[in-house]
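Let's take a friendly walk through a protein model. Have a look at the picture first, and then we will visit a few places together.

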Amino acid sequence: MISIPREFRWVAGRITRREVLQVFGAGTIGLLAKTPARAQGAPAAKGKTTIRYWTFLNSNDTQNARARAQAQILAAFRTSHPDIEVVEEVFPWQTLQQQLLQAVAANRPPDVSKQLDRSLVALNEAGAIIPLDEFVVGWSAERKSDYVYAWDDTVLDGKKMAFRQAVRPANLLYYRTDLYEAAGLKGAPRTFKEFTESAKAIAKGQILGYIMPLSKSDGLGKFLDQAPPMYWSLGGDLVDPKTGKATFHLEAGQKILQWLQDCVYVHKISPVGEVSMDAEAVNQTFWAGTLVYEFTHSASWATWSQKEAIKGRIETAAMPNFADDPSKPAPVSTVGAWTLVIPRGAKKEAAWKLMEFLQNNEAELIDARVGGELPTRKSTLRDPFFQSPEAKRMMGWLKLVRENPHPATTLRIKKLPLLADVLADAAQQIIANKADVKGTLGVAAQKYDAQ
């Protein structure tokens with residue numbers, strides 16, 4: 001009989017019996033046997049402390065700018081901390097949260113893990129990660145205010161649970177300049193009305209204007225990055241931050257979901273097949289030159305801008321305002337970025353040294369220059385690199401974040417997996433079956449609040 005700790009039984013209910021046996025069964029080859037994780041780094045020499053770092057980036061992947069940056073950062077850490085050996089273990093980004101819950105339950109946690117910021121609530125609720133307050137207790141107010149993002153973004157129940165590893169505008173507009181210019185268009189759209197009209201002018205034959213991926217396979221990730229700023233520009237939100245009750249079904253949500261439905265059936269700029277598409281499928285369509293617009297995060301630029309198929313054929317802009325106010329862009333969402341956590345049972349002293357290094361000025365400068373990531377520390381921005389022409393685009397993104405901020409309300413939603421589930425079901429009905437928008441969202445809100 002497999003004994004599963006009480007706080008992780010809900011996890012076991014979402015995986016197969018075979019997976020449970022692989023994680024918890026005695027005599028198995030352990031957690032990493034079931035997941036194609038790749039370890040980088042030799043076993044530690046005598047006298048060294050070995051720590052395991054979980055990431056979705058493979059440092060051997062020379063085609064990925066962020067992976068190349070990670071390789072350099074870890075090499076720098078090993079040089080500055082010769083008494084600590086870091087073993088890199090690579091997992092698909094979509095599985096990192098689930099794998100960490102399973103690893104902690106099996107008493108085989110890594111020591112530091114990358115995690116999506118939207119995973120923090122679930123990991124904290126399960127007791128899978130430890131508070132970091134003991135490491136920052138002596139920090140001055142000046143040290144805590146050195147971050148570009150709000151300190152409380154990663155504070156849960158009054159405790160500091162994580163640090164961001166980068167700051168990203170997650171809802172930047174990427175567009176194909178080759179398709180744009182071929183249609184005689186100039187200047188990025190400032191409102192969603194302009195966005196729709198320009199997409200209609202370009203979307204002909206196999207060319208699509210816009211895709212909102214609505215598959216559950218990636219946790220409705222794109223929707224949860226893109227939709228909140230649309231709501232915010234209309235004065236709404238997905239969930240009331242104070243009561244936790246659904247608000248996604250109110251006037252703002254009705255307008256947004258009606259627009260998404262109209263994109264398919266009225267404007268004919270989106271495919272009905274978006275209900276079964278995930279973020280990666282949208283990326284592939286964009287790269288292939290059959291999609292004009294895509295919203296995604298700033299870190300994509302470093303790799304995408306160097307892809308041979310689209311090099312010199314893409315540009316970025318701020319997300320248009322859904323309230324049709326051309327004087328300002330939509331608020332910037334910084335949700336969807338990666339954070340660093342220390343799991344329960346980790347070698348926390350050595351783990352903290354790695355976490356601290358990953359967000360120091362040296363590491364952040366490497367991440368910016370090589371990986372195209374935006375620093376989390378104001379002090380990092382004092383480096384001359386950020387005054388160079390090479391950094392002009394990055395500084396423009398940071399200005400956008402600074403001038404169009406909004407609290408990261410999605411990170412406070414305790415029932416985020418449920419929200420993604422009910423919204424995906426509602427959106428798929430609205431798109432695939434042309435269901436009534438107001439009624440479908442109302443039913444979804446009732447389902448969300450009832451659970």
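Leaving aside its neighbours within four places in sequence, which residues is glutamine 70 in contact with? Glutamine 70 touches Tyr53, Thr55, Leu57, Asn58, Ser59, Glu88 and Lys114. This glutamine has its place in helix H4. Its relative accessibility is 6%, and because buried means under 20%, glutamine 70 counts as buried.

**The whole protein**

Before going further, please keep in mind that this is a predicted model. The protein has 451 residues, and 57% of them count as buried. Its secondary structure comes to 19 helices and eleven strands. Take the contacts between residues at least 6 apart in sequence: 74% of these join residues at least 24 apart.

Two packed helices are described by the angle between their axes and the distance between the axes.

| Helix pair | Axes come within | Crossing angle |
|---|---|---|
| H4 (residues 65-80) and H15 (residues 348-358) | 11 Å | roughly 125 degrees |
| H4 and H16 (residues 361-369) | 9 Å | roughly 160 degrees |

Start with H15: the axes of H4 and H15 cross at roughly 125 degrees, which makes H4 oblique to H15. On the H4 side, the contact is made by Ile73, Leu74, Ala76, Phe77 and Ser80. Lys353, Leu354, Phe357 and Leu358 make it on the H15 side. H4 passes H15 in a right-handed crossing.

With H16, the angle is roughly 160 degrees, and angles over 145 count as roughly antiparallel, so that is how H4 and H16 are described. H4 passes H16 in a right-handed crossing. Ala69, Gln72, Ile73 and Ala76 of H4 meet Glu362, Ala363, Ile366 and Asp367 of H16 in this contact.

**Aromatic rings**

Next come the rings. How many aromatic pairs does a search of the whole structure find? The search finds 32. A pair of aromatic rings is described by the distance of the centres and the angle of the planes. One of the pairs joins phenylalanine 192 and phenylalanine 322, with 4.8 Å from centre to centre and 45 degrees between the planes, and it counts as tilted. Phenylalanine 192 lies in helix H10 (residues 192-202), while phenylalanine 322 is in the loop between strand E10 (314-317) and strand E11 (338-341), so the pair ties together parts that are 130 residues apart in sequence.

Are phenylalanine 192 and phenylalanine 322 buried or exposed? Phenylalanine 192 is buried, and so is phenylalanine 322. These two phenylalanines also belong to one aromatic cluster, together with Tyr175, Tyr180, Phe195, Tyr210, Trp259, Tyr293 and Phe295.

The charged end of lysine 160 sits over the ring of phenylalanine 163, 4.8 Å from the ring's centre. Lysine 307 lies over the face of tryptophan 287, at 4.1 Å from the ring centre.

**A stop in a loop**

Our last stop is alanine 183, in the loop between helix H9 (177-182) and H10. Its relative accessibility is 34%, so alanine 183 counts as partly exposed. Leaving aside neighbours within four places in sequence, alanine 183 is in contact with Ala201 and Ile202. Alanine 183 and alanine 199 are 16 residues apart along the chain, and their C-alpha atoms are separated by 9.9 Å.

Conventions:
Residues are numbered from 1 along each chain as its sequence is written. This is a predicted model: local features need pLDDT of at least 70, side-chain atom pairs count only at pLDDT 80 or more; totals for chains, interfaces and linings use all residues. Side-chain values use heavy atoms; hydrogens and water are left out. Rings of Phe, Tyr and Trp (its six-membered ring) pair if their centres lie within 6.5 Å; planes under 30 degrees apart count as stacked, over 60 as edge-to-face and the rest as tilted. Helices (H or I, at least four residues) and strands (E, at least two) are DSSP runs, numbered from the N terminus. Buried means under 20% relative accessible area, exposed over 50%, partly exposed in between (1.4 Å probe, protein chains only). A charge sits over a ring if NZ of Lys or CZ of Arg is within 6 Å of the ring centre and within 35 degrees of the ring normal. Axes are lines fitted to C-alpha atoms, for helices over the stretch in contact, and angles run from 0 to 180 degrees between N-to-C directions. Angles under 35 degrees count as roughly parallel, over 145 as roughly antiparallel, 65 to 115 as roughly perpendicular and the rest as oblique. A crossing is left-handed if the near helix is turned anticlockwise from the far one by less than a right angle, and right-handed if clockwise. Contact means heavy atoms within 4.5 Å.
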